[in-house]
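Hi,

Here is the structure I promised to pass on to you. Please open it alongside this message, and my notes on it follow below.

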Amino acid sequence: LELSVCDGYFTDKQPSSIAYASILVAMENLSTPAKTKQRLDSYQLDKSPDVTELCAQRLRHMYTIALEAQAEEDGRAGPSPTSIFQEPA
């Protein structure tokens, strides 16, 4: 959800569609069991499925970019200390 505040694409989207899309993407990333998704669907919270899917696609794309940037940053930064009292390598 916090990724959406960084992208003007979401300015004309309903907050509920963004939130629902965020939940769906998080459930995908966490490999949530199908039964849990079915339960969520049974509540009929998604009032604009087409918009929600567009939001979910955009969030997936943004999440992929964020992961790639983090991996690149991790590669440059070197290992981090395991304790705040430990000196970096």
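The accessible surface of the protein chain amounts to about 6,900 Å², and carbon and sulfur atoms hold 57% of it. Please keep in mind that this is a predicted model. The chain has 89 residues, of which 20% count as buried.

Among the contacts with a separation of 6 or more, 67% are between residues 24 or more positions apart.

Now to the inside. Which residues make up the largest nonpolar core? There are eight in all: Phe10, Ile18, Ala21, Val25, Cys55, Ala56, Leu59 and Met62. Helix 1 and helix 3 are the elements that give two or more residues to this core, and helix 3 supplies the largest share, with four residues. Setting aside neighbours within four places in sequence, cysteine 55 is in contact with Phe10, Lys13, Ser17, Ile18 and Ala21.

Next, the charged pairs. A search of the whole structure turns up five salt bridges, and here are some that I looked at in detail.

- Glutamate 28 and arginine 60 are joined through their side chains in a salt bridge, at 2.8 Å from N to O. This pair links distant parts of the chain, since glutamate 28 sits in helix 1 (residues 15-29) and arginine 60 in helix 3 (residues 49-77), 32 residues apart. Glutamate 28 has a relative accessible area of 42% and is partly exposed; arginine 60 is partly exposed too, with 26%.
- Arginine 60 also forms a salt bridge with glutamate 53, where the N to O distance is 3.4 Å. Glutamate 53 counts as partly exposed, at 34% relative accessibility.
- Aspartate 41 and lysine 37 meet in a salt bridge at 3.2 Å, N to O. Both residues lie in helix 2 (residues 34-42), four residues apart, which is about one turn of the helix. Aspartate 41 is partly exposed at 37% relative accessibility, and lysine 37 is partly exposed with a relative accessible area of 37%.

Taken together, Glu28, Glu53 and Arg60 are linked in a network of salt bridges.

Serine 31 has a phi near 50°, a positive value in a residue other than glycine. Serine 31 belongs to the loop between helix 1 and helix 2, and with a relative accessible area of 63% this serine is exposed. Glutamine 44 likewise has a phi near 50°, again positive in a residue other than glycine. Where is glutamine 44 found? Its place is in the loop between helix 2 and helix 3. Glutamine 44 counts as exposed because its relative accessible area, 59%, is over 50%.

Best wishes

How values were computed:
Residues are numbered from 1 along each chain as its sequence is written. This is a predicted model: local features need pLDDT of at least 70, side-chain atom pairs count only at pLDDT 80 or more; totals for chains, interfaces and linings use all residues. Side-chain values use heavy atoms; hydrogens and water are left out. A salt bridge is a side-chain nitrogen of Lys or Arg within 4 Å of a carboxyl oxygen of Asp or Glu. Buried means under 20% relative accessible area, exposed over 50%, partly exposed in between (1.4 Å probe, protein chains only). Contact means heavy atoms within 4.5 Å. Accessible areas come from the Shrake-Rupley method with a 1.4 Å probe; for residues, only the protein chains shown count as cover. A nonpolar core is a set of buried Ala, Val, Leu, Ile, Met, Phe, Trp, Tyr and Cys residues joined through side-chain atoms within 4.5 Å.
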